[in-house]
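Please consult the sequence and the model shown below while reading.

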Amino acid sequence: MSKKDTERREQYNKIFIEQAPTAIAMLDKNMRYIAVSQRWITDYKMEGKEIIGQSHYDLFPEIGEDWKANHQKCLNGAIDICDEAPFKRADGTIQWIYWDVRPWYISEGEIGGLLMHTGDITPQKESEKERARMIQILDKTNEVARIGTWEVNLSTNEVYWSKMVCEIHEVPENYRPQLETAINFYKEGESRETIQRVVNEAMLTGQPYDVEVELVTAKGTSLWTRAIGSGEFIDEKCVGLSGIFQDINEGKLAEQALSNANAELNAIFNSKSVAIITTDDKGVINHFNHGAEYLLGYSASEIIGTQIPSVFANMKEVERFRQDLSQKYGKYPLKGLAENNEFDVREWTYIKKDGSKITVQVTISAIKDTHGEITGSLTVASDITAIKNAEIELLRKNQVLNFAERLSMIGNWQWNTTTNEVIWSSNLYKIFNVDIETRLTYDTYFSFVHPEDKEMVTNHVQYSLEEKKFPDLLHRIKLRDGTVKNIQLLAEIMTDDAGEVIELVGTCQDVTEQRLQEIKFRGLLESAPDAMVIVNEAGKINMINKQAEKLFGYSAKELTDKSVEILIPEAYSAKHPGHRSDFFANPKTRDMGEGKELFGINKKGKLIPIQISLSPLTTEEGVLVSAAIRDITSHKIAEGKILKAKEELEVFAKKLVAQNTKLADFTQITSHNLRAPVSNLNSLLGFYKLAQSEEEREDLFQKFESVIDHLTLTLNTLVEALNIRKNNNEDRLEEIEFNSVMVKTQEILAGEIMGTGAVIKSDFSKLPYIAYNKIYLESIFLNLVGNALKYRSADRVPEIYVTSGIENGKKFLKVTDNGQGINLKRHGHKLFGLNKVFHRHPDARGIGLFMTKTQIEAHGGSISAESEVNVGTTFSINFN
């Protein structure tokens with residue numbers, strides 16, 4: 001081939017490479033660039049750089065000797081292909097790439113350089129890494145939530161349980177249940193009947209199921225589980241079942257805890273510690289709620305019509321309040337608050353009717369009418385006397401902590417590795433003899449490190465930042481006056497979401513005196529009541545005491561510098577070096593082999609049951625471990641008696657759990673049914689702000705009082721019922737008039753009814769009364785009528801019709817509305833499910849219908865629904 005032809009071919013190659021859609025580079029034999037594609041420039045971030053004629057190794061200084069050697073092989077005729085490999089760039093980032101490197105030829109047998117074809121696959125690798133992380137998180141989540149999967153192949157009658165399902169049933173992981181006997185794990189009675197019924201329905205009709213049933217494991221443990229399943233159909237024939245299985249026993253316990261928390265919430269609410277006081281534009285009190293009565297000891301009739309400063313406020317504080325607001329807003333402070341939509345929050349001293357004083361936190365704001373004119377003020381006060389006392393106590397405890405630090409020669413510190421800012425406690429300044437006004441950084445501390453220990457400290461800190469763990473550090477410091485001290489550092493390392501170290505928090509103790517005391521250690525070792533064995537990091541015995549000689553039958557001379565495994569039975573000695581290494585990697589005081597039986601072996605080969613406590617000792621020789629060993633042969637006998645007592649205690653505890661279970665449903669009633677009155681108070685408040693006449697406001701105040709009275713009555717009734725249930729397991733039934741419950745429901749929902757213009761009609765003539773639990777019946781009315789208002793149609797005025805009667809000997813209640821309706825074909829199977837919502841309403845929680853169904857079924861009844869989208873819904877309750 002002529003030189004001209006060769007040059008023409010190279011020119012064509014350059015044009016081809018420069019326009020190639022992938023990352024391609026052409027280099028000569030000296031590894032200098034002849035041509036590169038635009039994709040090459042983009043992938044390796046070389047925009048704006050001069051590339052042609054430059055050395056490949058100058059542009060990529062991070063390329064190692066191994067890659068350079070491969071390039072030389074290719075220049076000699078080899079081909080180097082790699083599907084994926086990490087490429088660490090000079091800026092520290094990792095770029096995953098694939099490559100195909102091969103020679104190009106000037107003529108047959110004559111190599112002109114290399115062709116490199118590469119691709120950046122970093123996004124794919126990151127995606128794979130993220131997917132693996134998500135799978136790991138999902139597996140961990142299932143493990144934490146104790147959720148497993150199961151499958152049934154009806155064609156082969158094979159049953160598969162995942163590892164977690166086997167664990168829940170307390171059977172081996174490789175356990176394969178039989179289709180006929182798997183049902184026997186469910187507790188006889190209601191649970192077993194329930195699972196049989198829903199499984200049969202799933203196989204016959206394809207109806208999926210989600211039920212909570214009680215299980216008895218292979219080891220006899222009784223626990224609550226959640227079973228979810230659905231059928232798999234081929235040609236309308238069920239060929240298999242599959243689903244998930246969850247241990248919800250802890251959830252049941254959580255319900256009890258929630259019930260207790262709700263009881264505490266009721267107690268707080270009924271404490272009446274929040275006072276609400278309003279005035280007119282002249283400062284005369286016109287509203288004084290029950291909380292205010294309780295807080296100050298005055299009745300509303302005693303206070304309404306008076307002015308605040310003249311009754312219970314401290315006049316000095318009143319004057320200070322006026323001065324503060326006058327400086328901020330001028331002559332009319334209340335007007336200033338209103339115009340800026342602000343409020344004043346501060347602590348006041350209130351004087352109660354009996355003359356006693358309390359500290360309260362008060363929020364004062366202006367009340368404006370619809371025209372923005374100030375009509376009065378609103379004061380909300382809560383008793384914070386206990387909080388103030390707690391603050392004083394906290395201050396006292398902090399002073400005690402500072403005193404304890406001085407006594408123990410300990411200080412605490414924080415090091416922000418991002419900003420290099422350091423915070424010391426006051427006692428740490430004293431340990432280092434530094435002025436408390438000194439600005440601190442890491443270099444401040446390091447400047448005190450003893451010259452002979454600086455390298456050790458630097459290596460220790462670097463190791464801690466890289467490994468994200470901080471082993472205890474003992475070193476010397478040299479103060480400005482030449483004093484040398486020994487200090488011990490302990491620390492915890494904080495990281496951000498990306499795993500990067502952002503802060504170290506720890507303590508620093510002056511252990512100079514302790515170091516002097518180490519001299520006395522050897523003498524004290526002999527006085528220890530237990531056998532003591534001191535071991536270094538290599539596992540060699542440094543020292544034993546007389547008690548250890550007596551326990552193991554060896555003399556100190558026989559054991560010194562011998563491997564500690566000589567005292568461990570052969571069955572355990574093989575794994576012990578690994579355990580020992582783990583301990584020295586993160587040394588801390590702990591019991592050895594927690595939850596396991598430990599044995600030592602004496603010189604005669606006899607096994608001895610022992611108990612071991614491990615403690616790290618930081619010395620000039622390095623970290624040692626002190627093992628306190630006690631012969632617990634006699635304890636084993638006592639252990640049997642303790643286990644028997646424990647079993648009896650567990651039986652008693654289960655009885656207590658059973659007695660408290662029936663209290664759980666009050667949690668949902670209280671949390672859900674209090675929402676409606678509170679919401680209506682907000683609605684009525686909105687109408688009050690829009691009211692234009694005193695007559696309208698007076699009427700709204702009557703509605704306020706009605707809703708508040710009902711709220712108070714509901715709370716008192718719930719508390720009374722809860723107290724009854726604590727002493728009586730039977731539900732209390734009483735003769736209830738439907739109409740009275742309907743009236744109460746409308747009064748509670750007055751704000752919502754006014755706001756929507758709803759028309760509510762009722763007819764209870766065919767069944768005026770019913771014997772029922774009053775709390776449940778009021779809750780049922782409130783939920784169904786409240787839902788009808790909440791999910792009303794935007795195109796028409798809400799109409800609600802409530803009737804009762806008897807059909808075929810069965811008592812019923814029906815609630816019909818003309819609202820949005822529900823797509824029962826789509827949502828019917830989960831209509832009454834917990835946390836299931838079917839409309840995008842901001843207040844939808846998916847609790848009301850679930851709770852209503854639970855309450856009705858608790859008295860042997862049932863509830864069903866008929867609905868059509870954009871037409872309305874009818875809920876039918878069968879009380880039988």
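## Salt bridges

A salt bridge is a side-chain nitrogen of Lys or Arg within 4 Å of a carboxyl oxygen of Asp or Glu. The model discussed here is predicted, and it holds 23 salt bridges. Side chains of opposite charge can pair when their charged atoms come close.

One of these pairs is formed by glutamate 302 and lysine 353, whose side chains meet with an N to O distance of 2.8 Å. Glutamate 302 belongs to helix H10 (residues 300-303), whereas lysine 353 sits in the loop between strand S13 (344-351) and S14, so the pair ties together parts that are 51 residues apart in sequence. Glutamate 302 is partly exposed, at 38% relative accessibility; lysine 353 is also partly exposed, with a relative accessible area of 45%.

Glutamate 65 forms a salt bridge with lysine 68, and the closest N and O atoms are 3.8 Å apart. Both residues lie in helix H4 (residues 65-75), where three residues, about one turn of the helix, separate them. Glutamate 65 is exposed, with a relative accessible area of 60%, while lysine 68 is partly exposed at 25%.

In the salt bridge between aspartate 530 and arginine 630, the closest N and O atoms are 2.8 Å apart. This pair links distant parts of the chain, 100 residues apart: aspartate 530 is in the loop between helix H18 (521-527) and strand S21 (531-535), and arginine 630 is in strand S26 (residues 622-631). Aspartate 530 is buried, with a relative accessible area of 16%, whereas arginine 630 is partly exposed at 36%.

## Strand pairing around S15

Strand S15 (residues 374-383) runs antiparallel to strand S11 (residues 274-280), and seven bridges join the two. Within this pairing, isoleucine 277 stands opposite threonine 379 of S15.

S15 also runs antiparallel to strand S14 (residues 357-368), with nine bridges between them. Isoleucine 367 has glycine 376 in S15 as its bridge partner. S14 and S15 form a hairpin with five residues between them, and glycine 372 in the turn has a positive phi of about 85 degrees.

## Cysteines

The structure holds zero disulfides. Cysteine 166 is buried, with a relative accessible area of 1%, and cysteine 238 is buried at 12%.

Technical notes. Residues are numbered from 1 along each chain as its sequence is written. This is a predicted model: local features need pLDDT of at least 70, side-chain atom pairs count only at pLDDT 80 or more; totals for chains, interfaces and linings use all residues. Side-chain values use heavy atoms; hydrogens and water are left out. Two strands pair if DSSP finds at least two bridges between them. Helices (H or I, at least four residues) and strands (E, at least two) are DSSP runs, numbered from the N terminus. A disulfide is a pair of cysteine sulfur atoms within 2.5 Å. Buried means under 20% relative accessible area, exposed over 50%, partly exposed in between (1.4 Å probe, protein chains only).
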